Every structure is written in structure tokens, then in C-alpha cells.
Amino acid sequence: QAAALLHPVAVQCQEAQVVVTVHRDLFGTGRLVRAADLTLGSAACLPVAQSAAESTVTFVAGLHECGSTLQMTPDSLIYKTSLSYKPTPSGNVVIVRTNAAVVPIECHYPRKSNVSSNAIRPTWAPFHSTLSAAEKLVFSLRLMNDDWSAERLSNGFQLGESLHLQAEVASGDHVPLRLFVDDCVATLSPDRSSSPRYALIDLSGCLVDGRSDDTTSAFISPRPRQETLQFMVDAFKFAGDNRHLIYITCHLKVSPADQAPNPLNKACSFNKASSLWAPVEGTGDICSCCETGNCPSYG
């Protein structure tokens, strides 16, 4: 009982759920709080069990349940939730005698570890915990120098030069992935929906800027890696506007590398010599919608 008063909230971080045991003498005053006034997480989940003998209340929730949030650090997955106590008047009484309280709760899990119910045989390759499946993909879009060997030190261009843009995804321990650029839009402010705006890539992977007269904009083929896509865009400015800073916002996406490119997942450039659209990989028919404008999209 003394320990319970010192630590009125006990947390067990299990493999797929968190168990929170709350002693109803939450403030160590001898006055027990009502179980109905205790909830877990932003979804206000209710307790699953009570013990009158021990004056405890128990919550059990999956790591993704009850409105928990996930934070990732380089080494850990951190699931965050909170225990809330909101005193309510009982009966016809209009006063309460305790303060509300919120107790933050965190469960930390290593992002990388070898786990198995059986011993790993020496012939097996080390593998990672299934928790790494919750890992988010890290996308990047960078201005590169003319030979693609490094990131460009300056973001200033003269008209007549070309922007070398490299889109990439850090796939980590996921299955092999192929990166695509769904769309890119140029604007004069960080808001991609602002006006004026000019589409460089549209229709789920069509480099429509290459269709314009006097431009050589195109995807680079072949790719250096499946998770990387490079493309060149001739420098430009907005007509009738003296501002020299242009924002380029792109939507990047991935598909399994073993999945054949299709009208939804493609990288197509316009070849002025043949007046045809051509894909970086896949069959030419996946680019036909770049001309008709009826390509499928994620919405």
C-alpha cells in the first residue's frame, strides 16, 4: 500500500498493448477517486477492470488505440497517451473536492532488434522486429549539381540553365521500393494552391513541362537506383512578376519494386523527336494518358 501511494499509476508496456493500473488514492490523501472519473487517452477509453479489495482500476489498450500518438526517433518508437482524471459532482452536489489531473504515459520500443520465439539458426540472416513495419518512409527532394554527384550549393539559376532535381526515398528495412513523382507545381509562395501556379509534373507522373515549346525538360533514364528518380527542368520565371523566388512542391510516392509500372505509377517524358511520350521503365502504353489527360489518380 505504501508503494501504491508513492506510485499511484503503474504502466506495463507489452508487445502490442499497454496496461495501466491506477490506485484510486490518486493523490495520496486517503480520499479515493471515482473509477468513472478516470479515462485513458484522447478517446477517453474506460477501464476494463476494478479491484475493490486493492482499490485499483485497470486499463488495457492496444498501442494504436484510445487516441495514442506515435513519435519516432532514430532509435525508438514512442507511443504516447495519457491518463485523465476529471472529477464530476455526485448526486445533487454542485461542488468537487479534488483537482483534475493528467498523467502522461509513454512506451518506448527499439526500432531495430532481432526477435524470435526460437533460437536464430546460424544460417539465417538477421531480421528486424515487426515493429519496424510502423516506420515512416523518409522522402527527399534536392537540387543537384550538373553531374548529379552532389547537392547543389546554390539555389540560384539564370534563365537558359537547367534545374537538376533528385527525388529519393530512404527505404530502410522495407521491401524494395520504386519511387515516383506524382506531381510537381511551381508557385510564388509556399502554398502550392496559390496563384499563379504552373504544373511541371501532373497526371500521376507525366512531365508535362516537357510538352511545352523550347524546353528539354525530361526524366533521366535509366534510374541510378529504384528508390531514386532524377529529372531536369529548364529554368523559368513567372511572366509579369518581378519576384525571383519560386517554390517547387512535389508529391512523392512509392510502389513495390517488383510491381510493373502502370498508368497510376509511372515516370513519363515527352520526346519531341518522335512526338511520343516514353516511360523511364515499363511499356509505352502506360504513358498514353499523358496525351489524353485521363490518367488515374489517388485523388
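Here is a short tour of some disulfides and one asparagine in this structure.

The model is predicted, so to speak of local features takes a pLDDT of at least 70 and side-chain atom pairs count only at pLDDT 80 or more, while totals for chains, interfaces and linings use all residues. Residues are numbered from 1 along each chain as its sequence is written, and side-chain values use heavy atoms, with hydrogens and water left out.

Start by selecting the cysteines: there are six disulfides here (pairs of cysteine sulfur atoms within 2.5 Å).

Select Cys13 and Cys107 next; their sulfur atoms sit 2.1 Å apart. Cys13 belongs to strand β1 and Cys107 to strand β8, 94 residues apart (strands are DSSP runs of E, at least two residues; helices are runs of H or I, at least four; both are numbered from the N terminus). Cys13 is partly exposed at 35% relative accessible area, whereas Cys107 is buried at 2% (buried is under 20%, exposed over 50%, partly exposed in between, with a 1.4 Å probe and protein chains only).

Now go to Cys206 and Cys290, a disulfide with sulfur atoms 2.0 Å apart. Cys290 is in helix α2, and Cys206 is in the loop between β12 and β13. Both cysteines are buried.

Finish at Asn265, in the loop between β15 and β16. Which side chain makes a polar contact of 3.4 Å with Asn265? Select Lys253 to see that partner (a polar contact is a pair of N or O atoms within 3.5 Å; within protein, one must be able to donate a hydrogen and the other to accept it, and residues adjacent in sequence count only if both atoms are side-chain atoms).
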